[in-house]
Amino acid sequence: MVEVVVRRPARIFQAAGWPGERAALDAALGAWLGDPPPELGWARSRGSRTGMALAPGRWLLLAETPALPPDTPPLLVTDLSAARVVLRLTGPDLEPLLRKGVGFDPDARAFPPGRVAQTLIHHMPVLLHRIDAPSADLLVPSSWAQALRDWFDDAAAGSP
Amino acid sequence: MLIPCPCCGPRSVAEFTYGGDATLVRPPADSTDPDAWCRYVYARANPKGAHLELWQHSGGCRCWLRVVRDTANHTIMRVELLGPWAEAIERKRVAAE
Amino acid sequence: MSAGGRLVDRAQPVHARFDGQPLQGYAGDTLASALLASGRRVVGRSFKYHRPRGLLAAGPEEPNALVTLRDGGRREPNIPATTVELFEGLVAESQNRWPSLDHDLLALFGLGGPLLQAGFYYKTFMGPTAKAWRLYEPWIRRAAGLGRAGRDPDPDRYDKASLWCDVLVIGAGPAGLAAAAEAAGSGRRVVLAEQTPRLGGSGLLDDSDAVVAAEAALAASPDVTILRRTTVWGAYDGMVLAAVERLADHLPAPPPDLPRQRLWRIHAREVVLATGAVERPMVFPGNDLPGVMLADAVLRYALLWGVAAGRRIAVLTNHDRGHEVARRLAGLGLQVTAVIDPRPTAATAAETAALGITVYHGHLVAAVEGRHMVRGLRLAGVDGSAGPVLDADTLAVAGGWTPLVQLASQAGAQPIWDERRQTFLPGPLPTGWRAVGACAGDGLPEVAPLPDVTRRHRGKAFVDLQNDVTAEDVRLAVREGFGSVEHLKRYTTLGMATDQGRTSSVNGLALLAAARDVPIAELGTTRFRPPFAPVALGALAGRSRGAHLRPERRTPMHDWHLAHGAEMYETGLWLRPRAYLRPGETVATAYVREAKAVREAVGIVDVSTLGKIDVQGPDSATFLDRLYCNAMASLPVGKARYGLMLREDGMVFDDGTAWRLGPDRFLVTTTTANAATVLGHLEHLLAVVWPELRVVVTSVTDQWAGMAVAGPHSREVLAAALDGVEMSHAAFPPMGVREARCGAIPVLVARLSFSGERAYEVYAPWTEGEAVWRRLLAAGEPFGIVAYGLEAMGALRIEKGHVAGPELDGRTTPADLGLGRMVSRRKSFVGSAMLDRPGLTQASRLQLVGLIAVDRQPVRAGAHLVESADRAKPGRSLGHVTSWTWSPALGRYAALGLLEGGLRHAGRRLWATYPLRREHVPVEVVHPCLYDREGARLDG
């Protein structure tokens, strides 16, 4: 059994920059997040804000309540607030369900709370954020939101 | 075939897009040497064994990678990150070791 | 047998039907054990010769007893009866016989033996005319074969999932159970896969209590996953293995919440091959008669299912274990009359004789007497002397053991011949693999090589039972030059049946070695490929069927489209409206109405599917200049420009627009189809070719919903719906980009036209897409605004000669498309160096033209353009039609095409020929812009 709850964070920003300004990037991200930015492949949350390090020089910033973007320069910011839908999956069968679609091992030892991973689920690009043992957030482009929900309904019907 | 992405770990080739032969040297932008351009655009060796090639992790972090793959058995012998951050990541990795 | 059978519960009878007759067994029986217990000897008819066949084995290696189960969409043929768990109400049919198993008229084919030997379809049935084969073939096909597949849709669900583990143990026999226990004990994640419903393997024959204990210990371990009824069938690169778990095949039908089967993709760090070994039969005349069985199978039927395979059993063996089996069978109460052993002596012969079993040393079976079952055995000395005739109804053959090395071979391990055990062992295994137990050769007996009895004694001696391949076929292949193992396999079909040569490949190689007079070790084996055992196509498809084949992408206005009569069309992964059908309309009539409305009043179309890329950074302008063939760095802020991207070889790759939103910020649009490829192209240039450029590109396709408002009243509609923007022609000229508000919603507007009418593209945040769409529609109502779809959009752009996907087929340059003036001569860009190649500048190249139908016939895309008026003799193709429509503006069929020499033929009459439809349509070649050449409707 896994429960799916859909939401749209108030703001989603992609922030990017170059290695020559690493210190300034970290400062700008830190100022927005309220904590030092996370390492590659990890998320860090503070209050209603979350930062995720997706790739070298590229971060995704989420705010559940309205927020301004971080400072430009040194960051280059792209507004993706309308471009992603978040599916929160919760339940004891989270891992068996994820194993029906993700391209990496979702076991809590390999994908612990705080970890983020990008993969394809049935051809759809999805970003996963492990919240705790039984729950994870899945971010999917808006045009695929319905298709991803349909996929989960169908996959869950096949039992673990 | 699994490709070990430096950012995301080993993933199925289904998450990647092939980017072509990485041994090619793109002639300088203002070059008009037709042979150099034809070689760059068309001429490809087809070795059995180690092949240097480009892959993009399009279904994951979207990084570009330079990979050495054994074309006879799909063994991935080496993977390097490309792009502006490649050097910084490599320096950090070396420092950590 | 009146009692016994470790797997069987005689307190629970099970009722089934076989070939329409009732069949009773017990819980724990397989279909095979129940048939054997019922006294049925003939369980199948062979593939080619329709010879009566009985059970050979007790496991999945069974070649003869193939049945069809179930009917309708669940019908499945070619299932070995030894793998079918008997359930209440099971209905099974034998195969390949007419009218019945016991009386098969098609056995007459047995008389045509010489005509049907190996490779016959290359030699016989060749005349009298060249097409005669076409007459013979359907009859031959109908006469031979295995089962018939069902034709109805499969109603069951199939699942697919991945599994990650430290150790995958394949096979839960004694060695597999031990390996799993050891791995679990060290805290690793273990997956144990067993193809039968019970764990234990050969351990069930010996100490079944130990099996129960081992199973309980594993089940109690938290990091052990036991997959029963699961066959690991493929070993792939990267230590990934494929397996299929049969969840419901042992039930009449899958319960509603259970898939029928599940396909597993297993990622393992270590693989332990514990697949065991199968017994090897022997090759002698008549060795396929019902009653000739593998000795281990006779033992299993007796011990596990409590079934006596026969009343007078003889054992044929060339190793000491065979004697053991004979003694064990006698100990279970079966009548074992003789042991026939070609060796001069055997270590335990005295013990065997002490049980009243006659041991015939130095003898072989030269012939089997009986028509539908074994009645007697004619022995011969290995020296060729005549031997006695024995009275027997069952011959239990123990010819050695063949380890199941297929998965290791798939992973690249070359099997190695072991002379002592007369078998192939796995060979050096890849890193991370190891083999344990019988499949590694442990405990396998030392076996004496067999003299070839078929050289001296006549009669069909079968090597591959399922494909009816005889010893003579092997010798024939060698005589005809097909003497390598791979040729032998393909020429004779030895090893190519559904049992994949499990009980035939080693015997085949032995015969090949003898025929070629080389040692077996030199021959090698054929390459093993997945699947190890048959896999249902449904399992491979998993959940990707029907509506779930591909994930659909929807725009924010999707529900609105459906609610307003849109007929949706799948393009790539997107769903887009073809047209909006009003009552009484078809797509053809609807789009004409829509297109007319756009030209005469105003229309609105959903263009959210276009690729959109955010380009930012100090080097953005430089980057776009290198990317497009036309100038982009000079684009002023607040302006958009149509651009062509070329490939490195000079061909047009994609067309789109670039909007300059700031000194270092652009929005780039692409075609829907190429959105992903263009993004990859940009990312490639920035990561590989120009990593020094400071540019960041990001897909914003899902950030912005897009809608184009087009037509003479488009300006008024936007003026009514939007605030914060001056809409006059002077304030908002063509190609301008402005920010505005629709109510409280911030939008971007660009004055761009694909239709040729005055038009604006309005981009709103995805979440507000439908709201802004509705407001534009409301604002457009007084002007008669109409929503239009893909068909109308296509008609409008074709009328204007605007190129799209069909013209950008990867073979056209900008000049070919009449866009040569867009190519900048003042900069280098991707594709510029290759554009001047002589081949790309010849006057005879296919170039864009317009085509207008002379009469009322359609000018279809794909038709070839020719000079000849004669449909029967069209002559050379001068080009082809790329896009076509019935043009509302012109009132006739019109098209765009690519023609040799292009507009040099303007005014000429040509024919668009479409042989598949027998159409030969006269057309006039014209300038591609068929409507409003001056573009007056666009500007102003």
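# Working through a predicted model

Among the contacts in chain B between residues at least 6 apart in sequence, 45% join residues at least 24 apart; two residues are in contact if their C-beta atoms, placed from the backbone, lie within 7 Å. This is a predicted model, where local features need pLDDT of at least 70, side-chain atom pairs count only at pLDDT 80 or more, and totals for chains, interfaces and linings use all residues. Residues are numbered from 1 along each chain as its sequence is written, while chains are lettered from A and ligands numbered from 1 in the order in which they are written.

## Chain B

**Solution.** (Helices, H or I with at least four residues, and strands, E with at least two, are DSSP runs numbered from the N terminus.) Walk along from the N terminus and you get β-β-β-α-β-β-β-α.

Now for the sheet. Four strands of chain B make an open sheet in the order 3-4-5-6, with antiparallel pairing; strands pair if DSSP finds at least two bridges between them.

Zoom in on one pair: strand 4 (residues 50-56) and strand 5 (residues 64-70) of chain B are linked by seven bridges in the antiparallel sense. In that pairing, Leu54(B) sits opposite Arg66(B) of strand 5.

Finally, the overall dimensions: the C-alpha trace of chain B spans about 45 × 30 × 25 Å along its principal axes.

## The sheet in chain C

**Task.** Why is one side of strand 33 (640-646) and of strand 36 (696-699) of chain C left without a neighbour in the sheet?

**Solution.** Write down the strand order: five strands of chain C form an open sheet as 33-34-35-32-36, with antiparallel pairing. Strands 33 and 36 of chain C stand at the edges with a single partner strand each, so one side of each has no neighbour in the sheet.

Next, look inside the sheet. Strand 32 (residues 611-616) and strand 35 (residues 665-670) of chain C run antiparallel and are joined by six bridges. Along this pair, Lys612(C) stands opposite Thr669(C).

**Task.** Arg70(C) and Asp468(C) come up here: is Arg70(C) buried, exposed or partly exposed, and is Asp468(C) buried or exposed?

Take Arg70(C), which has a positive phi of about 65 degrees although it is not a glycine. Arg70(C) lies in the loop between strand 5 (66-69) and strand 6 (76-80) of chain C. Arg70(C) has 17 other C-beta atoms within 10 Å, so it is partly exposed.

Then take Asp468(C), not a glycine either, with a positive phi of about 55 degrees. You'll find Asp468(C) in the loop between strand 27 (462-464) and strand 28 (469-470) of chain C. Asp468(C) has 28 C-beta neighbours inside 10 Å, so it counts as buried.

**Task.** Which residue is joined to Pro74(A) by a cis peptide bond, and which to Pro99(C)?

**Solution.** In chain A, the cis partner is Pro73(A), with omega about 5 degrees. Pro74(A) is in the loop between strand 5 (58-63) and strand 6 (76-79) of chain A. In chain C, the partner is Trp98(C), with omega about 0 degrees. Pro99(C) is in the loop between strand 7 (91-94) and helix 2 (120-123) of chain C.

## The cores

**Task.** How many residues are in the largest nonpolar core, and which helix gives the most to it?

**Solution.** Here's the term you need: a nonpolar core is a set of buried Ala, Val, Leu, Ile, Met, Phe, Trp, Tyr and Cys residues joined through C-beta atoms within 7 Å. The largest one has 183 residues, and Val709(C), Val762(C), Leu776(C), Val859(C) and Ala912(C) have the most contacts inside it. Helix 18 (residues 675-689) of chain C gives the most to this core, namely eight residues.

To see one member's surroundings, pick Val762(C). Leaving out residues up to four places away in sequence, Val762(C) touches Met707(C), Val709(C), Val747(C), Val749(C), Val772(C) and Leu776(C). There is also a second, separate core of 160 residues, including Leu31(C), Val42(C), Val292(C) and Leu329(C).

Terms used
A residue is buried if 20 or more other C-beta atoms lie within 10 Å of its own, exposed if 12 or fewer, and partly exposed in between; C-beta atoms are placed from the backbone.
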